[in-house]
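Take a look at the model below. Then read on for a short tour of its charged side chains.

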Amino acid sequence: HRPRLTRTNNVPTLGFTGDRYWFRFAIHNGSNRGVSLLLSSNYASIDFLNYYVVQNGKVIDKFETGDQLPYASRRIDNRNFIMPLNLPAGEIQQIYMEVQTQGIVQLPVILRSLEDYNRYEQRFLMSQGGYYGIALIMVLYNLIVFAAVRDSTYLLFVLSIGAYAIYQASISGFAFQYLWPQFPEMNQKGVIFGMSLYGFAGCFFAVSFLRLKQFHGAFYRFYSGLGLLFLALFLLTLLNLLPYNFAVRATVGGGVFGAVAVFAIGVVMLVRGHKVARFFVLAYGSVLALIVIDAMGKTGVIPSSVFTEYSPQVGSILQF
């Protein structure tokens with residue numbers, strides 16, 4: 001398969017596919033001294049990714065990685081898949097990359113010096129520390145409020161925040177790096193667990209926050225049924241009763257559908273004069289808009305970038 005690359009979208013983005021893909025490019029060191037570089041694929045949810053380095057017609061190095069192998073097998077301790085390269089002066093090396101995954105195939109490849117990568121990591125980790133720090137603060141704050149007023153709405157919001165943070169940590173590779181490095185299967189399913197629990201908690205949070213049982217029985221039944229479907233998806237995945245490729249598609253599709261449905265019903269309630277819906281529409285409108293941007297970037301509808309990749313985090317911060 002030959003993915004289409006353009007000047008404005010040079011990240012191979014192929015959507016859901018179980019096919020195996022090969023990529024090839026060459027690196028020329030035109031200087032009079034050897035250089036050391038890091039070749040990184042900055043999308044952590046790839047099942048199998050193999051690097052082959054060819055010089056003068058011979059394979060001089062091979063690196064097998066991916067989130068289906070133990071974290072300890074990586075050459076560099078990092079959430080991304082990094083291959084160290086040593087280029088002798090005046091030489092040309094060809095790089096072959098073999099990719100296969102059951103989820104979304106996306107391959108943002110970046111070549112950096114060690115110093116440049118360290119600077120990038122410092123800025124990136126600072127932003128991620130801010131994101132997870134805000135999520136943790138909101139979890140603790142709402143737990144305290146729940147303990148004081150005993151309103152289940154706060155507890156549902158805590159579950160929603162925590163589940164979405166787990167989803168983000170799983171898809172970005174942080175959970176595999178810090179929480180379960182010896183359990184590749186958990187790393188793969190963490191995306192489904194996080195998103196399905198987020199959908200479950202989000203639906204019942206909407207029921208409670210908008211008081212749908214009192215104001216609109218049809219919306220109450222719809223949300224409750226949708227929330228139970230997300231719970232069933234979580235339990236079936238937990239018990240290994242669903243194929244992973246089906247479960248991940250159902251999670252992504254259900255998540256987008258659920259976000260649209262939740263937002264739409266919030267708008268209806270707002271039009272009907274339900275004042276609390278103003279805050280609800282603002283919060284879920286933010287997260288919906290940025291989830292859609294992320295989905296469009298991952299499926300190749302719009303060019304993939306750092307913003308599209310981490311736009312759901314921006315949306316969830318606004319929601320929190």
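## Salt bridges in the chain

Arg211 has a relative accessible area of 33%, so Arg211 is partly exposed (buried means under 20%, exposed over 50%, partly exposed in between, with a 1.4 Å probe and protein chains only). This is a predicted model: local features need pLDDT of at least 70, side-chain atom pairs count only at pLDDT 80 or more, and totals for chains, interfaces and linings use all residues. Residues are numbered from 1 along each chain as its sequence is written, and side-chain values use heavy atoms, with hydrogens and water left out.

Arg211 forms a salt bridge with Asp151. A salt bridge is a side-chain nitrogen of Lys or Arg within 4 Å of a carboxyl oxygen of Asp or Glu. Asp151 lies in the loop between helices H1 and H2, and Arg211 in the loop between helices H4 and H5, so the pair ties together parts 60 residues apart in sequence. Helices (H or I, at least four residues) and strands (E, at least two) are DSSP runs, numbered from the N terminus. Asp151 is partly exposed, at 22%.

The structure holds eight salt bridges. Here are some of them.

| Pair | Closest N to O distance |
|---|---|
| Asp61 and Arg75 | 2.8 Å |
| Asp151 and Arg211 | 3.8 Å |

Asp61 sits in strand S5, while Arg75 is in the loop between S5 and strand S6. Asp61 has 24% relative accessibility and counts as partly exposed. Arg112, Asp116 and Arg119 form a network of salt bridges.
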